[in-house]
Amino acid sequence: MTEKKSIYTKDVILVMAASFFFMFSTMFVNPLINGYAKNLGASSVFAGIIVGIMSIAAMFLRSVAGNLTDKFSKYRLSFIGGILILIGVVGYVFTPSSGWLLLFRLINGTGYVLCTVCMTTWLAFLVPREHVGEAMGFYGLMNALAMALAPALSINIYQKIGYRESLIAAAIAALLMVISIQFVGNHAEPIVKKNQPEKHFKIIQMNVLPVAILTTLFAIPYFITQADIVTYVEQKHLSVAFGSYFLIYAVVLLIIRIGLKRYFDTVRFGVWFWISLISTAAYICLLAIMQNNGEMALAAAGMAMGYGIIYSVLQSTALLLAPVEEQGLASSTFYLGLDIAMSFGPMISGVIDSILPVKWFYAVDLVLIPVMLLVYFVWRKRLNGAIDHH
């Protein structure tokens, strides 16, 4: 019996490392940018625009990045994206005013869009199609670890050395991303079929539409928690170590992804959907009734079982549902769903907080559950059939 060849080649490991670095750079900045903008003289309104402009710009640029990814080398576009992130973050360090900060935020955001779309597609290009689920599981893990560790580190470092100095760490991470991809041998040139008609610009990959919708629905409570857990705990006067929430999430996610890595390519979408749906409902309820660290830890674990699992499953399903020559567009469609949640989730929570008592802040998120069920039942045949496209 021949030994199974590992998918974790040098190129795969380097692309995963690069994805960690660029995501770390972006997420390191996010908790600081609002305070930094105000420190530079921005009003609360303008500071909010600076914070949100990156996600809003991403929504408009996703389809452009997806179309470009299917036409050009993944290495070339990832390199351009990494340089733009580096320019943006270095600009943060040296910016003289909040007006310039807005410009550098747009540059950073453009690089972020290119990197997320191109590197996801690049990784899928580097592994056999029947192992896309496993690869996306670990790719998602790299992103999740960066999203959990970077904010915690940035807040602690900022408190000790200030805004400008702490942002240097984000610039170093962006530089490491650019350096890492220089050693990847396979630059993932686009697949061109003979006698293929010239492709027209597309905004989304239609086969991936249900994936994008589910991505938005599952991600809304995640981004609401990321943005508002601190103020939620303060408003309820809870004595919980909320700073550990996303670290617990990351640890549980690491255990889950390692334990289930082989199953992402063999188990149909519906199984993961039901596990994630029940876990999502559970962690929303736990956050709604949370009174102590035990309930907080269970909520974090539930988020890892809910959002943490379905994130990678949706990402790999998007790639499997699209033809090989439209993998970039499929990736950009998936991330469009994420951008919508990242942009509007905190806005929705702001409205909820302003019109309802704090005890209902999380409970109202349960309205998402029947919507998720509706989307799944409408498109369940397509979603469950994705695994057959290996």
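**Close-ups of a predicted helical model**

View 1. With a relative accessible area of 31%, Ile 340 counts as partly exposed. Keep in mind that this, like everything below, comes from a predicted model. You'll find Ile 340 in helix α11. Skip the neighbours within four places in sequence, and Ile 340 is in contact with Met 59, Thr 216 and Gly 345.

View 2. Thr 333 is part of helix α11. Is Thr 333 buried or exposed? Its relative accessible area is 1%, so Thr 333 is buried. What does Thr 333 touch, once neighbours within four places in sequence are left aside? The answer is Ile 204, Gln 205, Val 208 and Ala 212.

**View 3. Helix α11 meets helix α4.** Here you can follow helix α4 (residues 98-126) and helix α11 (residues 327-355), whose axes come within 9 Å and cross at roughly 135°. Angles over 145 degrees would count as roughly antiparallel, so α4 and α11 are oblique to each other instead. Their crossing is right-handed. On the α4 side, the contact is made by Tyr 112, Thr 116, Val 117, Thr 120 and Thr 121. The α11 side brings in Gln 327, Gly 328, Ser 331, Ser 332, Tyr 335 and Met 342. Sort the contact residues of α4 and α11 by class and you get four nonpolar, seven polar and no charged ones.

**View 4. Helix α4 again, this time with α3.** Helix α3 (residues 74-94) packs against α4 at an angle of about 150°, and the two axes are 7 Å apart. That angle makes α3 roughly antiparallel to α4. The crossing of α3 and α4 is left-handed. By class, 17 nonpolar, nine polar and two charged residues take part in the contact of α3 with α4.

**View 5. Phe 125 in α4.** Stay with helix α4 and look for Phe 125. Its relative accessible area is 31%, so Phe 125 is partly exposed. Now find Glu 189: Phe 125 and Glu 189 are 64 residues apart in sequence, but 9.3 Å apart in space, C-alpha to C-alpha.

**View 6. Helices α1 and α6 side by side.** Helix α1 (residues 10-39) and helix α6 (residues 163-181) have axes 8 Å apart and pack at an angle of about 160°. How do α1 and α6 run, roughly parallel or roughly antiparallel? The angle makes α1 roughly antiparallel to α6. In passing α6, α1 makes a left-handed crossing. Several phenylalanines of α1 take part in the meeting with α6, including Phe 21, Phe 22, Phe 24 and Phe 28. From α6 come a number of alanines, among them Ala 169, Ala 170, Ala 173 and Ala 174. Counted by class, the contact of α1 with α6 has 18 nonpolar, five polar and one charged residues.

**View 7. Aromatic rings around Tyr 222.** How many aromatic pairs does the structure hold? There are 26 of them. In one, Tyr 222 and Tyr 249 have ring centres 5.8 Å apart and planes at 45°, so the pair is tilted. Tyr 222 belongs to helix α7 and Tyr 249 to helix α8, so this pair ties together parts that are 27 residues apart in sequence. Tyr 222 counts as buried at 1% relative accessibility, and Tyr 249 counts as buried at 2%. Tyr 222 also pairs with Tyr 307: their ring centres are 4.3 Å apart with planes at 20°, so that pair is stacked. Tyr 307 sits in helix α10 (residues 293-321), and 85 residues separate it from Tyr 222 in α7. Both Tyr 222 and Tyr 307 are buried.

View 8. His 237 is in the loop between α7 (209-236) and α8 (245-260). Is His 237 buried or exposed? Its relative accessibility is 72%, so His 237 counts as exposed. Its phi is near 55°, a positive value in a residue other than glycine. Most residues other than glycine have a negative phi.

How values were computed
Residues are numbered from 1 along each chain as its sequence is written. This is a predicted model: local features need pLDDT of at least 70, side-chain atom pairs count only at pLDDT 80 or more; totals for chains, interfaces and linings use all residues. Side-chain values use heavy atoms; hydrogens and water are left out. Axes are lines fitted to C-alpha atoms, for helices over the stretch in contact, and angles run from 0 to 180 degrees between N-to-C directions. Helices (H or I, at least four residues) and strands (E, at least two) are DSSP runs, numbered from the N terminus. Angles under 35 degrees count as roughly parallel, over 145 as roughly antiparallel, 65 to 115 as roughly perpendicular and the rest as oblique. A crossing is left-handed if the near helix is turned anticlockwise from the far one by less than a right angle, and right-handed if clockwise. Contact means heavy atoms within 4.5 Å. Ala, Val, Leu, Ile, Met, Phe, Trp, Tyr, Cys and Pro count as nonpolar, Asp, Glu, Lys and Arg as charged, and the others, Gly among them, as polar. Buried means under 20% relative accessible area, exposed over 50%, partly exposed in between (1.4 Å probe, protein chains only). Rings of Phe, Tyr and Trp (its six-membered ring) pair if their centres lie within 6.5 Å; planes under 30 degrees apart count as stacked, over 60 as edge-to-face and the rest as tilted.
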